[in-house]
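User: I am new to this structure and would like to learn how to read its features one at a time. Could you take me through a few of them slowly?

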Amino acid sequence: MQPARACLAIVLAAGEGTRMKSRQSKVLHQVAGRSLLGHVLSSVAEAGADAVAVVISSERPEVGAEALKVAPAARIATQHERRGTAHATLAAREVIAAGHDDILIAFADTPLVRPETFAALRGALAGGAAVAVLGFEARDPTGYGRLVEQDGKLEAIVEHKDATRAQREIRLCNAGLMALAGEHALAILEAIGDDNAQREFYLTDAVAIARARGLGAVVLTAPESEVQGVNDRAQLAAAEAEFQRRKRHAVMLDGATLIAPETVFFSYDTRIGRDVVIEPNVVFGPGVSVAEGAVIHAFSHLEGATVGAGASVGPYGRLRPGTTLAEKAKVGNFVEVKAAEIGPGAKVNHLTYIGDATVGAAANIGAGTITCNYDGFVKSKTTIGANAFVGSNSSLVAPVTIGEGAYVGSGSVIIADVEADALAVGRGRQVDKPGWAKTFREAAAARKAAKKAAE
């Protein structure tokens, strides 16, 4: 059995990103609830990288903080001046020199590259190449570096402005990503010079250097949509659209039904079980899991929530972080649930807020019920027992417990615990005054007539 190949992934995240026109670093902008940098770090990890170095700008320490949040073992290297991609890569010189079989070089603003693509680059190195370059067939190659091949081998990467007329006809373009054999990586990188108009050190020169030394260089290809970079808000939206297209397709292939797929938006970590039905205009924020057979009705928004098998949400349901719906629980229209457990078969049908609470199995919560969980200083818990019935338009002032099988009369304000199987009614006594409404209307009409006569 062949020993596993050690892999270092270097993620370049020091770009200025001025075209985003944002106070926030470009690579911290999000696609599907995860930073661009986070997507890349996750992908290289899935491709088997056992070491990661992230190159950041000295002006953007927050990028390093994000990297460590996603990949706590990552090494942070700093590029103190921007002098090209090879210069940025060599900011991680110490890690490169530690010795790895494979060196992956990725860009933090290219978030859609699949783990399988990074793994294919590694495979090319295992096959004997010293340099493996990722390319794509461009619909419009204008402005891209061309990959020049001869006899199936990569000879050079030629920038558009330097390309001959014949080379500009080439549609195979450089995606920027590259893999270097560890035994040659440092020597190749250190040989790259800055003999160009910009006086910068470019990774693309690695190909010519490798070929001049008799080392193999190869091209692997990926779809253009996979290697698209993000430089401005329009490209950020395009990357989001591509992620959602992929995710919707995967969810449907895994056995879920999306009534109008183009209107459903997933997070990077959304988990959807078989036979789930998702109606139009549903948004999943981070941290959502939906078990098999559940139905998410139209115009619902879920974040940080777990939905059990056969449960139902919406329409117009909102599940906030910390929500758990058990099997066959129901959260209906215009219901908001936060940090609460809704038990098996329990129903919270409409126009209700349940926060910081536990609702027992088969309990029924009437329309307009509110758990009053916040007093302006602390949040307190409401506990509603199994088979309890809470009448419509009730306010449960936490901390409070409604016992199993208890009944709360409609319109009640409950400020004390209710025993199991008891009836609790907490509302003012009704008082009727016969004829009051008629007298009121007549007096109002008289005042109106007197005012008009005075005018």
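This is a predicted model: local features need pLDDT of at least 70, side-chain atom pairs count only at pLDDT 80 or more; totals for chains, interfaces and linings use all residues.

User: With which residue does Arg-93 form a salt bridge?

Analyst: A salt bridge is a side-chain nitrogen of Lys or Arg within 4 Å of a carboxyl oxygen of Asp or Glu. Here the partner of Arg-93 is Glu-190, and their closest N and O atoms are 2.4 Å apart. Because Arg-93 lies in helix H4 (residues 93–96) and Glu-190 in helix H7 (residues 182–191), the pair ties together parts that are 97 residues apart in sequence; helices (H or I, at least four residues) and strands (E, at least two) are DSSP runs, numbered from the N terminus. Glu-190 is also partly exposed, at a relative accessible area of 45%.

User: Is Lys-26, which takes part in another salt bridge, buried or exposed?

Analyst: Lys-26 is buried, with a relative accessible area of 8%, and Asp-109, its partner at 2.8 Å from N to O, counts as buried at 15%. By contrast, Glu-59, which forms a salt bridge with Arg-82 at 3.9 Å between the closest N and O atoms, counts as exposed at 58% relative accessibility.

User: How many salt bridges are there by this rule?

Analyst: The count comes to 19, and salt bridges can also join into a network, as they do for Arg-5, Asp-102 and Arg-122.

User: How should I read the two sides of a helix?

Analyst: An α-helix has 3.6 residues a turn, so residues three or four places apart point the same way. In helix H2 (residues 61–70), the buried residues are Val-63, Gly-64, Glu-66 and Ala-67. They cover an arc of only 160 degrees around the axis, which puts them on the same side of H2, the arc being that of the directions from the helix axis to the C-beta atoms. On the other side, Pro-61 and Lys-69 are exposed.

User: Against which elements do the buried residues of H2 pack?

Analyst: Taking contact to mean heavy atoms within 4.5 Å, they pack against several elements, including strand S1 (7–13), helix H1 (36–46) and strand S4 (51–57).

Notes. Residues are numbered from 1 along each chain as its sequence is written. Side-chain values use heavy atoms; hydrogens and water are left out. Buried means under 20% relative accessible area, exposed over 50%, partly exposed in between (1.4 Å probe, protein chains only).
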